[in-house]
Amino acid sequence: MVNQALAFVVDALFSIFIMTALLRFWMQAFRAPVRNPIGQFTMALTDWAVKPLRRVIHGLFNLDWATLIVAFAFELLLQFLLLLVMGANPNTEAVSVLLFYSFVKLIRLSIYVFIGAIIVQAVLSWTSPYHPVAPFFQALSRPFLRPFQKAVPPIGGVDITPVLVLIALQLVLMLPVTWLETESLRMLQKALL
């Protein structure tokens, strides 16, 4: 019981940081404005880990690889710590499986970032389209909404594409991402035996 409580606390603290690092990566990839409270919080929370790594790992293809590597490293460390907390003794094969599992977890968390951004953007567009954080959420959700908006016109003046995108993202979570997680957990259990 104590191990489960400790695993919960470790998972919660690490996940907040990992989600923030992923948000930083995607907001820079999609050129979301940072002059808002969310952007400032994201930068302040992750600067200590990202800025030193940027001296070694430079951006490529207009992507901030240092931030993505920080998110991946912390996800890998989280999974390794969770194994230790639960009493497992990771070997070399288990660590190699954890590398893949951590990558899949980053995909899941990235999808959660986009789902959250799309929900907030949709609510803001209906209630307060000129809110100071609206451009931030528009930048994060636009790459997903635009293809759907080209194919599906507004119905009665209401844009239903956020709902369609959310359904599509949920399907991605349910099918390939969940399958990859399940398979990597199966491989991890096999490696730990």
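1. Is F17 buried or exposed? With a relative accessibility of 9%, F17 counts as buried, a term for residues under 20% relative accessible area, whereas exposed means over 50% and partly exposed lies in between (1.4 Å probe, protein chains only). The model is predicted, so local features need pLDDT of at least 70 and side-chain atom pairs count only at pLDDT 80 or more, while totals for chains, interfaces and linings use all residues. Residues are numbered from 1 along each chain as its sequence is written, and side-chain values use heavy atoms, without hydrogens and water.

2. Aromatic pairs are rings of Phe, Tyr and Trp (its six-membered ring) with centres within 6.5 Å; planes under 30 degrees apart are stacked, over 60 edge-to-face and the rest tilted. The count comes to 12 aromatic pairs. The rings of F17 and W48 have centres 5.5 Å apart and planes at 40°, so this pair is tilted. F17 belongs to helix α1 and W48 to helix α2 (residues 37–54), 31 residues apart; helices are DSSP runs (H or I, at least four residues) numbered from the N terminus. W48 is exposed, at 54% relative accessible area.

3. F17 also forms a tilted pair with F74, at 4.6 Å centre to centre and 55° between the planes. This pair links helix α1 to helix α3, 57 residues apart.

4. Ring pairs join F25, W26, F30, W65, F114 and F144 into a cluster.

5. S110 is found in helix α4 (residues 92–127) and is buried, with a relative accessible area of 7%. Leaving aside neighbours within four places in sequence, S110 is in contact (heavy atoms within 4.5 Å) with L22 and W26.

Terms used:
Helices (H or I, at least four residues) and strands (E, at least two) are DSSP runs, numbered from the N terminus.
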